[in-house]
Amino acid sequence: MSSKNIKRVALVGLGSIGRRHLRLLKAIRPEIDVIVVRSGHGRSWPEETLSTESVSSIEEAIEKNIDAAIISSPAPYHVQQAIQFLKARVPLLIEKPLSHNMDDIQELKDLSDKIRVPIMVGYVLRHSMDVRCFHEMATKQAVGRTIGVLIECGSYLPDWRPEQDYRMAASASKDLGGGVLLELSHELDYANWLFGPFQSVEATLLNSGTLEIDVEDTANLILTSESGSTISIHLDFCRPDAIRQCTLEGSEGRLAWDGIAHSVRLQHESGETGFWPFTIERDAMFREQLRHFLSCIEEGDLPKVTLDDGIAVMTLIEAARRSNRENAAVQL
């Protein structure tokens, strides 16, 4: 792929993640003009002053001769917006999750195979040093063959964005693609990355009734990998004591990642131990993701999180929903 100097980027949506992308992109590459695409329904934000201009449609943004686009609108709009940009051959960073269901995803996939411009999905944990350390050690079988894995991610939704009523946010709305399966799908992505592909999933989705929302606030999944190991995943956003961990039980010991303490710990049956703490400020992995996205366009680097990766997560989510409805394991 030939190199290309990026001059203009379209940014769709100014929710919390859209504002973060805008702020960090201008900090990394202040010479890039950012064209913000807004629906006209959202409130004004201070970060909008960092943009070059605002337009009301993707068509208008494309007419500005943009070199790339970042889609950070609510999940139900991602696929159709991505299709619009792809038809104009615009490289894309699509925020996670790829969508809220499987509608039109095959059309997006077929178009991407035809157009062949860089497409990334925003599973930003893959750009974090502690997760990459854990991945490297798990891949090298530092504690032997994987026998079982426990993944936990829990927090309290009202604390996510104190500046707004959480009940009005996309995270809490079925129509806008909320619920823990979609909102906390980072865990599903790195489970696929580390331990997939999977053969089956058995899932239970619950609404505790404690948050006054119309989506599931708790999900429990049991995945069976092709190698025969079992991966248990617990997700929720109704607990005040936040947790984000992955514990791998191997044939020769235990390997654990703590996503809040940003550390990796090893306990080997031989008595060997290891502990690797990382000092990571919150914007670091988002900044690295943006740099990588720009390099995919300008230098021809291959995306670390591909459209196929995003589709794999959505396939898993749809199977989990079906399992919950049918109260049975679903083959993948």
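**View A. Arg20 and Arg19 over aromatic rings.** The charged end of Arg20 sits over the ring of Phe286, 4.4 Å from the ring centre, and Arg19 lies over the face of Trp45, at 3.4 Å from the centre of that ring. A charge is counted as over a ring if NZ of Lys or CZ of Arg is within 6 Å of the ring centre and within 35 degrees of the ring normal. The model is predicted, so local features need pLDDT of at least 70 and side-chain atom pairs count only at pLDDT 80 or more, while totals for chains, interfaces and linings use all residues. Residues are numbered from 1 along each chain as its sequence is written, and side-chain values use heavy atoms, with hydrogens and water left out.

**View B. Helix α8 and its surroundings.** Helix α8 (residues 284-298) has 15 residues and reaches 21 Å from its first C-alpha to its last, close to the 21 Å expected at 1.5 Å a residue, the expected span being 1.5 Å times one less than the number of residues. Helices (H or I, at least four residues) and strands (E, at least two) are DSSP runs, numbered from the N terminus. Among the residues of α8 that are buried are Phe286, Leu290, Phe293 and Ile297, where buried means under 20% relative accessible area, exposed over 50% and partly exposed in between (1.4 Å probe, protein chains only). What covers the buried residues of α8 includes α1 (16-28), β4 (68-71), β5 (92-95) and β6, with contact meaning heavy atoms within 4.5 Å. Just after α8, Gly300 takes a positive phi of about 80 degrees.

**View C. The open sheet of parallel strands.** In the order β3-β2-β1-β4-β5-β6, 6 strands form an open sheet with parallel pairing, two strands being paired if DSSP finds at least two bridges between them. Because β3 (53-55) and β6 (119-122) stand at the edges, each with a single partner strand, one side of each is left without a neighbour in the sheet. Strand β2 (residues 33-37) is joined to β3 by 3 bridges, and Val36 stands opposite Ser54 in β3.

**View D. Two aromatic pairs.** A search of the whole structure finds 2 aromatic pairs, for which rings of Phe, Tyr and Trp (its six-membered ring) must have centres within 6.5 Å, with planes under 30 degrees apart counted as stacked, over 60 as edge-to-face and the rest as tilted. Trp160 and Phe237 form an edge-to-face pair, 5.5 Å centre to centre with 90 degrees between the planes. Trp160 counts as partly exposed at 27% relative accessibility, whereas Phe237 counts as buried at 0%. Tyr190 and Trp257 form an edge-to-face pair at 5.5 Å and 85 degrees.
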